[in-house]
Amino acid sequence: MKSDTEIRDDVINELQWDPQITKPDAIGVAVTDGAVTLTGHVATYAERLAAARAAERVYGVKAVANDLKVKLSGAPRDDTDIARAIAHVLEWNVQVPEGKVHARVQDGWVTLEGEVEYEYQRHAVERSIRQVRGVAGVTDTITVRPPVSPERVQTVIEDAFRREAEIDARHIRVEVSDHTAKLYGHVHSLHEAAAARAAAAAAPGVATVESHLVVSP
């Protein structure tokens with residue numbers, strides 16, 4: 001087992017070795033029972049995260065408390081400037097779906113909101129925001145909602161029809177494309193047609209429902 005002193009020395013060496021840490025001497029390291037506390041200041045939020053990762057790489061480290069503060073070099077940057085820079089980053093990043101992610105900035109802290117289809121897109125957004133000058137921290141509340149295949153949506157709707165006592169599923173055909181569910185066939189009443197439309201609209205991945213159902217009592 002490594003002593004706390006040995007762990008502290010190794011963490012300091014790791015911080016000095018990491019090229020992402022521009023001023024390792026500005027970072028204080030304390031170790032108690034294998035738990036590392038980082039104090040001091042760094043120039044960017046990305047560097048703050050890099051310091052924590054460097055400490056975590058050291059053998060014997062059980063936990064890391066990252067108390068580093070982001071202290072900008074040069075003139076301070078207000079929230080309006082940060083928000084404008086983030087807007088450009090989101091616009092230029094080809095991995096971010098256009099118009100799907102939004103950011104709020106307060107005192108340099110960024111809150112990310114929105115919805116993407118894949119986990120890598122969420123990570124791409126956060127990674128790009130970390131690099132924006134003036135960002136002190138990031139709260140990521142982006143939801144990952146995987147795309148649903150048309151075949152899967154069709155199966156879900158057909159299963160819903162079979163469960164509904166008000167719907168005679170034998171006479172209804174479903175086609176799904178481009179998040180649109182199209183209903184064909186005949187029903188016994190307007191009430192049944194409305195129930196079928198509602199069931200289709202409730203299926204995940206459906207944005208609109210086109211009903212071509214014919215009422216034939």
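D168 is buried (under 20% relative accessible area; exposed is over 50%, partly exposed in between, with a 1.4 Å probe and protein chains only), at a relative accessible area of 15%. Its salt-bridge partner is R170, at 2.9 Å from N to O. R170 is exposed, with a relative accessible area of 71%.

This is a predicted model, where local features need pLDDT of at least 70, side-chain atom pairs count only at pLDDT 80 or more, and totals for chains, interfaces and linings use all residues. Residues are numbered from 1 along each chain as its sequence is written, and side-chain values use heavy atoms, with hydrogens and water left out.

A salt bridge here is a side-chain nitrogen of Lys or Arg within 4 Å of a carboxyl oxygen of Asp or Glu. The whole structure holds 10 of them.

| Pair | N to O distance |
|---|---|
| R170 and D168 | 2.9 Å |
| D140 and R122 | 2.9 Å |
| R104 and E113 | 3.0 Å |

The side chains of D140 and R122 form a salt bridge. This pair links distant parts of the chain, 18 residues apart: D140 lies in strand β7 (residues 137–140), R122 in helix α4 (residues 119–130). Both elements are DSSP runs numbered from the N terminus (helices H or I, at least four residues; strands E, at least two). R122 is buried at 18% relative accessibility. D140 is partly exposed at 23%.

R104 and E113 also pair up. R104 is partly exposed, at 46% relative accessibility. E113 is partly exposed too, at 31%.

Finally, a network of salt bridges links E14, D18 and R57.
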